[in-house]
Amino acid sequence: MKKHSLSVMLITKNEEDRVERCLMSVADIADEIIVLDSGSTDNTLAICQKYTDKVTVTDWPGFGKQKQRALEQTSCDWVLSIDADEALDETMRNALIALLSQEEIKESAFCLPWGVTLYGKTLKHGRSARAVLRLFKRDGARYTLDEVHETVIPAAGNIGKLKGLLLHYTHRDYGHGLNKAAQYAWLGSQKYFRKGKKSHGLTLALLRGVWTFFHIYFLRRGFLDGSVGFIVAMTYAQVSFNKYVGLWLLENNR
């Protein structure tokens, strides 16, 4: 029997093909589900309303601000922040139920191992060899207000790791992946420019891209994920390069 309550929060826009898989993976664990939608024109709202009556349509202020808005609507002991293109696998579902059934949880937050799933393959290395902080005590937690790659700052305390995988169906297809990579690179450029970070020129932008590929493909052993691992490493290398090129252009008013 659960001893701790759980709020699940997610932000959406035009996710009718993916959001139900996400919601189905948490529906029987969550005490409440908070959805903030930024203007879907497909069936996303109707699908979400099958699982919760706490669906709000808002403007789009950026990832960090939107997630902070969602966090402020939660009311339970713990919060699980999940994206519409993600879902808990069965091992992680069971681990979460077991955690919430403990009399006392000593940690203040948990990282969830990522299982990036694209082009028919769940990756075990490279970018997938990470665990993202998504489960945390509600009291004292807040989000950074960054345009992209926002971070939750939990209350002080130890951070644990949950068993299982947070499956991340990151791309619908290769075209969607290219568009998403371009969007994130440009948002990253603007974020760095706003924070006063320097590009240090186009040569360093190129070297950063090369380093990103080396880090993902070799140091994180993305090569063990085969051809898809190579595609992912190249994609993130391009994102890194584009991000710093964008920053250089902003610095030079171009």
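This is a predicted model: local features need pLDDT of at least 70, side-chain atom pairs count only at pLDDT 80 or more; totals for chains, interfaces and linings use all residues.
Reader: Let's start with the helices. How do the axes of α6 and α7 cross, and at what angle?

Author: The two axes cross at roughly 155° and come within 8 Å. Angles over 145 degrees count as roughly antiparallel, so α6 is roughly antiparallel to α7.

Reader: And is that crossing left-handed or right-handed?

Author: Right-handed, going by how α6 passes α7.

Reader: Okay, which residues in α6 meet α7?

Author: On the α6 side they are Leu202, Ala205, Leu206, Arg208, Gly209, Thr212, Phe213, Ile216 and Tyr217. Their partners in α7 include Phe230, Met234, Phe241, Tyr244 and Trp248.

Reader: Where is His200?

Author: Look in the loop between α5, which covers 174–194, and α6, which covers 202–219.

Reader: Buried or exposed, that His200?

Author: Exposed, because the relative accessibility of His200 is 59%, and the cut-off for exposed is over 50%.

Reader: What about Asn253, what is its phi?

Author: Asn253 isn't a glycine, yet its phi is positive too, at about 55°. You'll find Asn253 in the segment after α7, the helix spanning 226–251. With a relative accessibility of 73%, Asn253 counts as exposed.

Reader: New topic, cysteines. How many disulfides does a search of the whole structure find?

Author: The search finds 0 disulfides. Take Cys22, which is in no disulfide: the nearest cysteine sulfur belongs to Cys48 and is 8.3 Å away. A disulfide needs the two sulfur atoms within 2.5 Å.

Reader: Is Cys22 buried or exposed?

Author: Buried, since the relative accessible area of Cys22 is 0%.

Reader: And Cys76, how far away is the nearest cysteine sulfur?

Author: For Cys76 that sulfur is the one of Cys22, 16 Å away, and Cys76 is in no disulfide. Cys76 is buried as well, with a relative accessible area of 8%.

Terms used
Residues are numbered from 1 along each chain as its sequence is written. Side-chain values use heavy atoms; hydrogens and water are left out. Helices (H or I, at least four residues) and strands (E, at least two) are DSSP runs, numbered from the N terminus. Buried means under 20% relative accessible area, exposed over 50%, partly exposed in between (1.4 Å probe, protein chains only). Axes are lines fitted to C-alpha atoms, for helices over the stretch in contact, and angles run from 0 to 180 degrees between N-to-C directions. Angles under 35 degrees count as roughly parallel, over 145 as roughly antiparallel, 65 to 115 as roughly perpendicular and the rest as oblique. A crossing is left-handed if the near helix is turned anticlockwise from the far one by less than a right angle, and right-handed if clockwise. Contact means heavy atoms within 4.5 Å.
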